[in-house]
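Please keep the sequence and the model in view while reading.

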Amino acid sequence: MSRTIAVSGASGKTGWRIAEELLRAGDQPRLLLQEHSVVPEPLRACQLHRLQLSDPNALDAALEGCDGLVIATGARPSVDLTGPMRVDAWGVQHQVESCRRLGIRRVVLVSSLCAGRWRHPLNLFGLILVWKRVGERSLERSGLDWTVIRPGGLSERETDLEHEGIRYSTADQQDSASIPRRLVARCCVEALATPASIGQIIEVTSSAELAPISLAKALEAFPQVA
Ligand SMILES: NC(=O)c1ccc[n+]([C@@H]2O[C@H](COP(=O)([O-])OP(=O)(O)OC[C@H]3O[C@@H](n4cnc5c(N)ncnc54)[C@H](OP(=O)(O)O)[C@@H]3O)[C@@H](O)[C@H]2O)c1
């Protein structure tokens with residue numbers, strides 16, 4: 001049966017790929033966007049909701065009736081160093097609170113490798129890794145069926161992906177390497193269909209040297225969640 005899955009940050013380079021992968025999986029993506037966000041033309045036929053994350057009524061209206069949410073929002077690099085706090089911490093928290101109010105149990109969050117680290121060059125942009133961890137924590141403490149996907153450096157590459165394997169690990173095991181956004185998007189959609197991913201922080205990077213395996217198979221090596 002087709003599910004309606006909200007994707008926030010759906011104008012972002014990972015977000016719109018998540019929406020595409022949901023369509024490919026037979027789901028209905030509902031795109032949560034800012035007022036002036038732009039999405040690729042083929043996705044404009046999807047359900048679109050334009051809102052500010054800080055507006056709880058608008059968030060509730062946008063998420064009403066959804067079966068799950070994938071959070072792909074993230075502060076865009078800017079001279080405004082408050083972006084990570086507003087988007088990656090409080091923006092995530094607002095979305096989590098809305099899901100709790102509406103009884104939407106399943107939430108997947110795209111975070112980042114090294115989330116929670118204080119000493120890291122990426123923190124020159126508004127302590128972004130620290131605020132990302134605050135966002136993660138609000139989801140972990142929510143009581144919802146959550147999964148955190150922490151990708152490495154994101155690339156736009158769309159070629160030679162079918163034979164590229166993902167290196168999956170638990171939190172704080174990897175601190176470098178990259179992964180194409182398309183593989184992150186597929187991973188988010190796979191997580192929605194993989195009950196064993198609930199309650200897990202999953203780090204993902206990729207390499208052509210690795211054989212592709214399913215997320216479910218990779219999770220067999222993870223500690224079980226109580
Ligand atoms: N870049 C990397 O190498 C890297 C590595 C690891 C993890 N990550 C994380 O992975 C996620 C996806 O990254 P990406 O590079 O694909 O994203 P992106 O292209 O930068 O897109 C960010 C998305 O967040 C939205 N957004 C920004 N500020 C917002 C706000 N105040 N309210 C609502 N929406 C807002 C953007 O909307 P607009 O289109 O309207 O601006 C856009 O849809 C992000 O959380 C990012 O931090 C990135």
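Which residues of α5 are buried? They are R181, R182, L183, V184, A185, C187, C188, V189, A191 and L192. Buried means under 20% relative accessible area, exposed means over 50%, and partly exposed lies in between, with a 1.4 Å probe and protein chains only. The model is a predicted one, in which local features need pLDDT of at least 70, side-chain atom pairs count only at pLDDT 80 or more, and totals for chains, interfaces and linings use all residues. Residues are numbered from 1 along each chain as its sequence is written, and side-chain values use heavy atoms, with hydrogens and water left out.

## Two helices

Helices (H or I, at least four residues) and strands (E, at least two) are DSSP runs, numbered from the N terminus. Helix α5 covers residues 181-192. Because 10 of its 12 residues are buried, α5 is largely enclosed by the rest of the structure. The expected span of a helix is 1.5 Å times one less than its number of residues.

The buried residues of α4 are I128, L129, V130, K132, G135, E136, S138, L139 and E140. These buried residues pack against α3 (83-102), β5 (106-110), β6 (145-151) and β10 (200-207). Here, contact means heavy atoms within 4.5 Å. An α-helix has 3.6 residues a turn, so residues three or four places apart point the same way.

## The surroundings of the ligand

A residue is near a molecule or strand if one of its heavy atoms lies within 4 Å of it. Around the ligand there are 22 residues, of which S11, T14, S37, R76 and R181 come nearest. The shell divides into six nonpolar, 12 polar and four charged residues. In this division Ala, Val, Leu, Ile, Met, Phe, Trp, Tyr, Cys and Pro count as nonpolar, Asp, Glu, Lys and Arg as charged, and the others, Gly among them, as polar.

A polar contact is a pair of N or O atoms within 3.5 Å; within protein, one must be able to donate a hydrogen and the other to accept it, and residues adjacent in sequence count only if both atoms are side-chain atoms.

| Residue | Distance to a ligand oxygen atom |
|---|---|
| Q34 | 2.9 Å |
| R76 | 2.7 Å |
| R181 | 2.7 Å |

The protein covers 81% of the 910 Å² of accessible area that the ligand has on its own. Such areas come from the Shrake-Rupley method with a 1.4 Å probe; for residues, only the protein chains shown count as cover.

T14, one of the residues that come nearest to the ligand, lies in the loop between β1 and α1 (15-24). Is T14 buried or exposed? T14 is buried, because its relative accessible area is 8%. A polar contact of 3.5 Å joins its side chain to that of R181. Leaving aside neighbours within four places in sequence, T14 is in contact with L154, R181, V184 and A185.

T4 lies in strand β1 (residues 4-8) and is buried, with a relative accessible area of 14%. Not counting residues up to four places away in sequence, T4 touches Q28, R30, Q47, G65, C66, D67 and G68.

G68 belongs to strand β4 (residues 68-71) and is buried at 0% relative accessible area. Apart from neighbours within four places in sequence, G68 contacts T4, I5, A6, I104 and R106.

## Loop residues

E162 is found in the loop between β7 (153-155) and β8 (165-169). Why does E162 count as exposed? Its relative accessibility is 56%, and exposed means over 50%. Leaving aside neighbours within four places in sequence, E162 is in contact with R186 and P212.

L127 is in the loop between β5 and α4 and is partly exposed at 32%. Its phi is near 55 degrees, a positive value in a residue other than glycine. A177, in the loop between β8 and β9 (178-180), is partly exposed at 44%. Phi of A177 is near 80 degrees, again a positive value in a residue other than glycine.
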